[in-house]
Amino acid sequence: MTFVTRMVRLRRPARARLSLIALLLVLWTAGSSAVRAQDAQAPPTSAAQDEYVPIDQLPESEKLPAAPYLIAAYSVAWGAILIYVWMLWRRLGQVEAELREARRSAGGR
């Protein structure tokens, strides 16, 4: 049985779908950022190109807009962390409820 099949057959299908969507989103963003990183690598430069040129004098093709990628990466990372913590919080609440029920049925200590 594959991982995706196990996720779909869980007791709560909505949670499984949410986990699957989160996993696919993380994989998609990781893949697209890897492609962008490969595209952003500068080609080897000659000795004449190694000297300092002010940013406002560079042609548009040589300017790298890194700030939007950095903001997007941090947003995705924090979003994934928040979703993970939220899922743990809900699961912990369910386990605590089941534990209370088990204590009550076992004689209630």
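**Figure 1. Overview of the predicted chain.** The chain exposes about 9,700 Å², of which carbon and sulfur atoms supply 65%. This is a predicted model, in which local features need pLDDT of at least 70 and side-chain atom pairs count only at pLDDT 80 or more, while totals for chains, interfaces and linings use all residues. Residues are numbered from 1 along each chain as its sequence is written, and side-chain values use heavy atoms, with hydrogens and water left out. The chain contains three helices and zero strands, where helices (H or I, at least four residues) and strands (E, at least two) are DSSP runs numbered from the N terminus. Read from the N terminus on, the elements follow the order α-α-α. Of the 109 residues, 6% count as buried; buried means under 20% relative accessible area, exposed over 50%, and partly exposed in between (1.4 Å probe, protein chains only).

**Figure 2. Confidence along the chain.** The pLDDT is the predictor's confidence in each residue, from 0 to 100. The chain has an average pLDDT of 78, and 70% of the residues score at least 70. Confidence is lowest in helix 1 (residues 3-8), with a mean of 56, and highest in helix 3, with 94.

**Figure 3. Helix 3 and its end.** Helix 3 comprises 41 residues and reaches 60 Å from its first C-alpha to its last, close to the 60 Å expected at 1.5 Å a residue. The expected span of a helix is 1.5 Å times one less than its number of residues. Just after helix 3, Gly-107 adopts a positive phi of about 125°.

**Figure 4. The salt bridge between Glu-101 and Arg-104.** A salt bridge is a side-chain nitrogen of Lys or Arg within 4 Å of a carboxyl oxygen of Asp or Glu, and by this rule the count is one. Glu-101 pairs with Arg-104 in a salt bridge whose closest N and O atoms are 2.6 Å apart. Because Glu-101 and Arg-104 are three residues apart in helix 3, about one helical turn separates them. Glu-101 is partly exposed, at 43% relative accessibility, whereas Arg-104 is exposed, with a relative accessible area of 59%.

Figure 5. Tyr-84 belongs to helix 3 (residues 66-106) and is exposed, its relative accessible area being 52%.

**Figure 6. Residues of helix 2.** Thr-29 lies in helix 2 (residues 13-40) and is buried, with a relative accessible area of 17%. A polar atom of the Thr-29 side chain is 3.0 Å from the backbone oxygen of Val-26. Ser-19 is also found in helix 2 and counts as buried at 13% relative accessibility. The C-alpha atoms of Ser-19 and Met-87 are separated by 8.9 Å, although the two residues are 68 residues apart along the chain. Leu-25, another residue of helix 2, is partly exposed at 46% relative accessibility. Leu-25 and Ala-80 are 55 residues apart in sequence, and their C-alpha atoms are 9.2 Å apart in space.

Methods: Areas by Shrake-Rupley, 256 points an atom, 1.4 Å probe, with all protein chains shown as cover. Polar contact = N/O pair within 3.5 Å; in protein donor to acceptor, adjacent residues only side chain to side chain.
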